[in-house]
Amino acid sequence: MKRQVVLLMVVLMLSSVMGQVSYSIPEEMAKGSLVGNIVQDLGLDLKRLMSGNARIYSGDSVQYIELNRNRGVLLVRQKIDREALCRQTTPCALHFQLTLENPLELLPITVEITDINDNAPVFTKDERRFEISESAVIGSKFMLEKAIDSDIGLNGLQRYTLKPTDNFMLKLHAQSDGSKKVEMILQKPLDREKQEHISLVLTAEDGGEPQMTGTMQIHVTVLDANDNAPIFSKPVYKASITENSAIGTLVTKISASDADKGSNGEVTYVIGNNLASVSALFQISSDGDVILNGPIDYEKEKNYHIDIEAIDSGGLSDSSKIIIDVIDVNDNSPVLNVISKSGSVPENTSLKTVIALLSVNDPDSETNGKVHCVISDNIPFEITFTDNHFYSLLTDSELDRERASEYNITVTCSDEGVPSLSSSVTLTLQISDVNDNPPLFERSSYEAFIVENNTPGLSIFTVKARDADWNQNARVSYILEDSPVNGVPVSSYVSVSADSGVIHAVRSFDYEQIKDFHFRVKAQDGGSPPLSSNVTVKILIQDQNDNPPQVLYPVQTGGSVVYEMVPRSADVGYLVTKVVAVDVDSGQNAWLSYKLQKATDRALFEVGLQNGEIRTIRQVSDKDPVKQILTVIVEDNGQPSRSATVTVTVGVADSFPEALSEMSDFAQDKEYDDNLTFYLVLALAVVSFLFITCVVVIISVKIYRWRQSRVLYHSNLPVIPYYPPRYSDTLGTGTLQHVYNYEVCRTTDSRKSDCKFGRAGSQNVLIMDPSSTGTMQRLQSEKSILDELDSPVEQKPPNNDWRFNQGQRPGPSGPHMPYGTHIRWTPKSGTRATGGPEVAMGTGPWPQPPTEAEQLQALMAAANEVSEATATLGPGTMGLSTRYSPQFTLQHVPDYRQNVYIPGSTATLTSNPQQQQATAQQAAQQALPPPQVSVQPEPPKAAQTPASKKKSTKKEKK
């Protein structure tokens, strides 16, 4: 709303007695607007305002006016709303004082706030609703709400208007407080049936400029009165219903309207017939629906006449009539019976063959009893009417099992009634297969590739043919048709699997002999008669780089050499000769390249990479040798590549006799070794390898000896007894008169033998038998000894009867040599050939003990003898060498189950008698040959160890 701000002329009212000044300004002036010139109106000086510290004093009220001392004027400090400041009070003014100091003065000032039309009339509610009965009398009064306008005077509320005024008018009454009471007067009767809702607008207007208004919506609802009777929409209602209609079927719908509303407009329908049969067949709902309440039959009653009445709650009523016609319906469906049918027919069945025979009957009469039968569309069958309600199902076109192997034929028979009733039956017909389709290959022709030099029997390709028939008629067999390939039957090249159609190579192909060939494969089904089709197969043989290049020129023969002449005056690029070579392969396998492999002078000649031309690459000088030998290598481009070499001898001379004289020494240099450099390098590498190997071996031996010396000095390793040559046991009473060294070896089944070995401190020992003049050396590694100890057969439980005396304890104080292990050689019978273990070892001369190196050499020599003896073992010898005594068998093996000797002691641990008896019985059960009595041959001389040989040599020197 555009506000008109009018700056009124300041009305200056001066009081000469009191010095009071008054101003009048409109409300809603903007901040900073001029109110009045206080200096001019009060006759003051600006200096007085400044010196007197002039200010406005308004008390506790809000200060709306401020003083500008620099200009001496009063200004609006904030916007003033007269309605908020004074409401309806008139006049509305601001009272405040202007204070001055030195001297003190108090000057009152009054500012009157005049009203502007800035507020429109407002109703407290936006709408008002009335409910008035249509029977209300004219002149009825209805109180309306008054509007409120905050402005005063002409800007305040002035008048009311009501629109429209068709039924109501507006009347105002003055009140004692100056306001007006507003009433709405009914001036025309109301009719709810014509207008149920009336909308009015009450407008309040003020007298300001511009004029402002306020509105309120008035909604009048006209209440009904029972002043109207029900009226049927039709005087006579006609309807029809089919026979056999279900109970609850809607027959028709009647309607009676009442202009009244509410309970006055509620209508009830009543059947006025006195016949109980009619009242029982039909009923009318409150909505006017005529519903079937019982069964009706066209043959019993063709129509019904029903009197109906509509009554409202006030007792007012109206009447009408319903005529219902009963319509005969087709309530019987045709009945189908299959008299005969075929379960399956072959696909080559002729046309018009009867498949099934049906009978159809409809109990209805006239058109409702006429029947027409049809079958499904798009099937090769038809149905025809024969006579007396019979129908035949026939074949209409050719059958094909490959397109459809089964048909579900639905026969539908419908009568001509309205609505038409129908019945249907479905017949299932199987189409049996006939061998009418030959096998068809997937392609019209095939091409397959195979690389030459293939393995015979390799699968090349698979041909596939499909037969649209079924079962045996669709079983395809593949046959290789006989045809010649290069005068040879094709079966010698390929074969075809009859079941899978896989083509196999019968031979290994050679691209250089045959590059491709054709043959035909026939696919034949298993029908009767069988059908077949053919396809052509082309086999393309792919080349392989299996042929090296062949040099055509220069010709290389064993008895002649081709010479090429180059004059010494030849320029650069001089064509010496051309190497011509061919490769029987094809493609890139036949692309040849030429390279100079070796030459007497590489700086003189070059070979063309592609053409094989040998040309000079510099000027020939007098220093160049006359005989130049060039080796050219020809390589193909295959993967891997193959090559051939050719040697070209070039004579650098101006004349043939000159070249011939230089070439005469060629026969003597025929054995010229072109690989001299290679052999020198190879020899150097071999010598270096042998040198490094020797160094490693020497270092290993040194380390081994150092470790052995540590073992000898820092472990329980016994000292190896040393026997000089010809040493004999003077007290021995055995059968062997001289010293023997026996080699003892073990066979693979030695764990099951009775040969037992003792050990001293788990070290390698020399085993001796003091009861005989012979000695037996045995070297075993620590691993072998542990294996012997781990054997459950060889270990024996300790004997509780063992007893030791001070003289029998092992150690250096005993009568025998320390760290010695004694073995009694006992036959299997358990008797001994010599005395007991208390017999002394011998009293012969004893040389100086061997050194460490001699002991180690003795160990190594013993190990060598053991390994030699192992190679000569035979079955039944228990590892004893037969080269010493052929008769030395298991009977010479000592029985350690009866006697156990302690190393370093003269004690013989013998088990108790019971144990000896059990052992003898167990030994008797062994399947061993009895000992043979034979003349003991003279034993050979004792084998000398390297240590003994060295010792004897020293004695001879002394």
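**Close-up views of side-chain contacts**

At 47% relative accessibility, Lys253 counts as partly exposed. The views below come from a predicted model.

**View 1. Lys253 and Asp289 meet in a salt bridge.** The N to O distance between the two side chains is 2.9 Å. Lys253 belongs to strand S17 (residues 250–253), and Asp289 belongs to strand S21 (residues 289–292). The two residues are 36 apart in sequence, so their contact ties together separate parts of the chain. Side chains of opposite charge can pair when their charged atoms come close. The count of salt bridges comes to 21.

**View 2. Asp400 pairs with Arg403 in a salt bridge.** Their closest N and O atoms are 3.6 Å apart. Asp400 is partly exposed, at 22% relative accessibility. Arg403 is exposed, at 67%. Exposed means over 50% relative accessible area, so Arg403 passes that cut-off.

**View 3. Arg618 and Asp601 form a salt bridge.** Here the closest N and O atoms are 2.7 Å apart. The pair links distant parts of the chain, 17 residues apart. Arg618 sits in the loop between strand S49 (613–616) and strand S50 (627–636). Asp601 sits in the loop between strand S47 (592–599) and strand S48 (605–607). Arg618 is partly exposed, with a relative accessible area of 23%. Asp601 has 19% and counts as buried, because buried means under 20%. Elsewhere, salt bridges that share partners join Arg82, Glu83 and Asp115 into one network.

**View 4. Cys86 and Cys92 form a disulfide.** Their sulfur atoms lie 1.7 Å apart. The angle about the S-S bond is 65°, and the link is right-handed. Cys86 and Cys92 are both buried.

**View 5. Cys373 and Cys413 form a disulfide.** The sulfur atoms are 2.0 Å apart. This link is right-handed, with 105° about the S-S bond. Cys373 lies in strand S27 (residues 371–375) and Cys413 in strand S30 (residues 406–415), so the bond ties together parts that are 40 residues apart in sequence. Cys373 is buried at 6% relative accessibility. Cys413 is buried at 0%. The whole structure holds two disulfides. Counting bonded cysteines along the chain, the pattern is 1-2, 3-4.

**View 6. Phe123 and Tyr160 form a tilted aromatic pair.** The ring centres are 6.4 Å apart, with 50° between the planes. Phe123 is in the loop between strand S7 (105–114) and strand S8 (127–133). Tyr160 is in strand S10 (residues 157–163). The partners are 37 residues apart in sequence, so the pair ties those parts together. Both Phe123 and Tyr160 are buried.

View 7. Tyr493 lies in the loop between strand S38 (488–489) and strand S39 (494–496). Phe509 lies in the loop between strand S40 (502–505) and strand S41 (516–525). Tyr493 is buried at 5% relative accessible area, and Phe509 is buried at 1%.

**View 8. Lys515 sits over the ring of Tyr511.** The charged end of Lys515 is 4.9 Å from the ring centre.

**View 9. Phe441, Tyr446, Phe461 and Tyr478 form one aromatic cluster.** The count of aromatic pairs comes to 16.

Technical notes
Residues numbered from 1 in each chain as written. Predicted model: local features only at pLDDT ≥ 70, side-chain atom pairs only at ≥ 80, totals over all residues. Heavy atoms only, no water. Phe/Tyr/Trp six-rings, centres within 6.5 Å; stacked < 30°, edge-to-face > 60°. Helix = DSSP H or I, 4+ residues; strand = E, 2+ residues; numbered from the N terminus. Buried < 20%, exposed > 50% of the residue type's maximum accessible area, 1.4 Å probe, protein only. Lys NZ or Arg CZ within 6 Å of the ring centre and 35° of its normal. Disulfide = S-S within 2.5 Å. Salt bridge = Lys/Arg side-chain N within 4 Å of Asp/Glu carboxyl O.
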